[in-house]
Amino acid sequence: MKNIKELIDNICSGYDPDLEDLKEIVSLEGSEADYLFQAADRVREKYCGDEVQVRAIIEFSNHCRCLCAYCGLNAENKSVKRYRMTIQEIVENAREAIDAGYKTLVLQSGEDMWYTSDKVCTIVKKIKEIDDVAITLSMGERSYEEYKAFKEAGADRYLIKHETADENLYNSLHPHSSFKSRVQCLKDLKDLGFQTGSGFMIGIPGQTYETIAKDIMLLKKIGVHMAGIGPFIPHPLTPLRSAVTGSTFNTLKAVAASRIVLKDAMLPATTSLGVVDSKSRNLVFASGANVIMQKVEPYKYRRLYDIYPKPYGSELTVKEEREKLNEYIKSFGRGIGTGRGDHGKLMD
């Protein structure tokens, strides 16, 4: 049997683990899991520094053409009240976020084809006229030509999670698409020069430790610049309504394992992790995470962007929320990123 601590140290030093190595790591328990978390924290500090990078998310539409079995926004859910923010609303919301100090904006929606390539490019250009902030798009699967147009308009990053590296499981959960199509999108984005993000869920029914190991290997193979990893949360209006919520402990291990394998990738403390267990959201920053995201769209829309059930606190202004977020980051002894937080430039 392998010495697990030696294996972790070797990966931190550059050894490229195989599937069995990663399967063993993501299934660790007790003190060996603690060693993984500590190693991931050291790798994060070495490659990314002590600053937490802060992103503002504008969830601008909850219309979606997809049939994802786990998502409350899926096209077959007739109970959700649908909305679309206008181009002007999105741009003004972006201005408010920029005024509050955000240097990266994430424009996220369901797969809503009402936002044509021309409309998306107009939004990106108008925001760039306000300030040279980094713009991440997260709108699902589009054609190579559309991705190219977004890049030429000024978009810097694109996030499209692969969700699970088990091809059969992926296809069963996404009857509107295919695993091959999703991976091709990621390859197209890389080819076009986007800072490319993927990610996956922990605890989706049918997942095993081997699946999680395959997820991390896929991130490595693609060469992602960022990866969102969070627990599966069942939504009452989806086919998976009766499934069990994903383990936060397994989520922490997956983030830590991804950190030691990917080294300098942007790894956020996902919103879903905070929903399931606020304590684990704090722990993830000691387990390799270095990014946090804050919703900034108006509350009337936030409450309708119902991918999974989540609570809402008191309504604050975008600036007040940013100040509260800054205090939260300071509370666990980390610095606050003041720049755009581009991949590969944190330690320049």
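Student: Is L237 buried, partly exposed or exposed, and what is its relative accessible area?

Tutor: The model is a predicted one. L237 is found in the loop between strand 6 and helix 10. Buried requires under 20% and exposed over 50%, so L237 counts as partly exposed, with a relative accessible area of 42%.

Student: How many Å apart in space are A69 and L240, C-alpha to C-alpha?

Tutor: A69 is found in the loop between strand 1 (51-61) and helix 4 (87-99). Leaving aside its neighbours within four places in sequence, A69 is in contact with L173, T238, P239 and L240. A69 and L240 are 171 residues apart in sequence, and their C-alpha to C-alpha separation is 6.4 Å.

Student: Why does A69 count as buried, and what is its relative accessible area?

Tutor: The cut-off for buried is under 20% relative accessible area. A69 is buried because its relative accessible area is 11%.

Student: Is Q207 buried or exposed, and with which residues is Q207 in contact, leaving aside its neighbours within four places in sequence?

Tutor: Q207 lies in the loop between strand 5 (195-202) and helix 9 (209-222). Its relative accessible area is 18%, so Q207 is buried. Q207 and N62 are 145 residues apart in sequence and 27 Å apart in space, C-alpha to C-alpha. Leaving aside neighbours within four places in sequence, Q207 is in contact with L169, M201, I202, I212 and D215.

Student: What is the phi of E163?

Tutor: E163 is found in the loop between strand 4 (157-159) and helix 7 (167-173). At 12% relative accessibility, E163 is counted as buried. Although E163 is not a glycine, its phi is positive, at about 70°.

Student: What is the phi of K263?

Tutor: K263 lies in the loop between helix 10 (248-262) and strand 7 (268-269). With a relative accessible area of 13%, K263 is buried. K263 is a residue other than glycine, and its phi is positive, near 65°.

Student: Which residues lie nearest the centre of the largest cavity?

Tutor: The structure holds two cavities of 30 Å³ or more, and about 1000 Å³ of space lies in the largest cavity. Strand 6 (residues 226-231) gives the most to its lining, with five residues. The lining divides into 26 nonpolar, 14 polar and nine charged residues. Of the 49 lining residues, those nearest the centre are Q108, S138, K161, E163 and I307.

Student: What is the volume of the second largest cavity?

Tutor: The second largest cavity is lined by V54, G101, Y102, K103, R322, G337, T338 and G339. These residues divide into two nonpolar, four polar and two charged. The volume of the second largest cavity is about 30 Å³.

Student: Which helix supplies the largest share of the lining of the largest pocket?

Tutor: The largest pocket has a volume of about 750 Å³ and is lined by 21 residues, with R281, Q294, P311, G313 and K324 nearest its centre. The lining divides into eight nonpolar, seven polar and six charged residues. Helix 11 (271-276), helix 12 (278-283), strand 8 (291-295), helix 13 (299-302) and helix 14 (318-331) each supply at least two residues. The largest share, four residues, comes from helix 14.

Student: At what angle do the axes of helix 1 and helix 2 cross, and how do the residues of their contact divide?

Tutor: The axes of helix 1 (residues 4-12) and helix 2 (residues 19-26) come within 11 Å and cross at roughly 115°, and the crossing is left-handed. Helix 1 contributes I4, L7, I8 and I11 to the contact, and helix 2 contributes D21, E24 and I25. The residues of this contact divide into five nonpolar, no polar and two charged.

How values were computed:
Residues numbered from 1 in each chain as written. Predicted model: local features only at pLDDT ≥ 70, side-chain atom pairs only at ≥ 80, totals over all residues. Heavy atoms only, no water. Buried < 20%, exposed > 50% of the residue type's maximum accessible area, 1.4 Å probe, protein only. Axes fitted to C-alpha atoms, helices over the stretch in contact; angles between N-to-C directions. Left-handed = near helix turned anticlockwise from the far one by under 90°. Contact = heavy atoms within 4.5 Å. Nonpolar A, V, L, I, M, F, W, Y, C, P; charged D, E, K, R; others polar. 1 Å grid on protein atoms, 1.4 Å probe; cavity = no way out; pocket = protein on both sides within 12 Å on 5 of 7 lines; lining within 4 Å. Points joined across faces, edges and corners; volume = space filled by probe spheres on them.
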